[in-house]
Amino acid sequence: MREVPDLIACEGCDALYRKVQLRRGEIAHCPRCGTELERDPGRQRERILPLTVASLIMFLLANGFPIVEIELQGLSSRTTLFGAVMSLSAEGMSLVALLVLATTILFPLLQLLFLFYLLVSLAKQRRPPGFSWLVRAMQSLRPWGMVEVFLLGVLVAIVKLSNMATVIPGVALWAFGVLTVLLTAVISFNPRYFWQMAYSEQNQKGPA
């Protein structure tokens, strides 16, 4: 959605409307096509920074420890997510390895880092360098983070392997479970609210 300080454009029909101050819990819809224009985020902006920090901590745990340990005929094997990516690449499945690396490590990490940087900067009442690019990048990365899909795949694999070997869940598996829940809450924060926050901080400072 394209926005200027006093106007808002409908994503459905491109109609322009003047912004109004929304009360707690209110949602503004386009009277022409019914598309949601804006909603009051309530206290979500205060909660999103702690959730982002918690997500980053869980992300480090999920990628720094083994996901599962498999014991079969006296032999034991364990690996981290990055180790699994390297194994896929070594087995000649470079494209699959790149896809797993991007959707479960790179894109989610970039999204969390961008979110953390923007929230901290705006909390200090300053608009950070590259603000517009970072907000657009976050919107582009949102559909490509697939941690929950990876977790579901791991759980299915554990169920199937449990009939053939002893499977011991690792620290990373529990961390991925918590990370999935946290990311659900974090991603619910619409990046376009950053524009609203930036304009709010600018209006509080007044003209330079």
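What volume does the largest cavity have? In this predicted model, local features need pLDDT of at least 70 and side-chain atom pairs count only at pLDDT 80 or more, while totals for chains, interfaces and linings use all residues. Residues are numbered from 1 along each chain as its sequence is written, and side-chain values use heavy atoms, without hydrogens and water.

The largest cavity has a volume of about 70 Å³. A cavity is a set of points, on a 1 Å grid over the protein atoms alone, where a 1.4 Å probe fits but cannot get out, and its lining residues have an atom within 4 Å of a point. Grid points are joined across faces, edges and corners, and a volume is the space filled by probe spheres set on the points. Two cavities of 30 Å³ or more were counted.

The lining of the largest cavity includes Pro-108, Gln-111, Met-146 and Ile-187. At least two lining residues come from each of α3 (94-123), α5 (147-161) and α6 (171-187), helices being DSSP runs (H or I, at least four residues) numbered from the N terminus. The second largest cavity holds about 30 Å³ of space. Among the residues that line it are Gln-111, Arg-142, Val-186 and Phe-189, and α3 and α6 each supply at least two.

Helices α5 and α6 pack at an angle of about 145°, with axes 9 Å apart; axes are lines fitted to C-alpha atoms over the stretch in contact, and angles run from 0 to 180 degrees between N-to-C directions. The contact (heavy atoms within 4.5 Å) involves residues including Val-147 and Phe-150 of α5 and Phe-176 and Leu-183 of α6.

Technical notes:
On a 1 Å grid over the protein atoms alone, a cavity is a set of points where a 1.4 Å probe fits but cannot get out, and a pocket is an open set with protein on both sides within 12 Å along at least five of seven lines; lining residues have an atom within 4 Å of a point.
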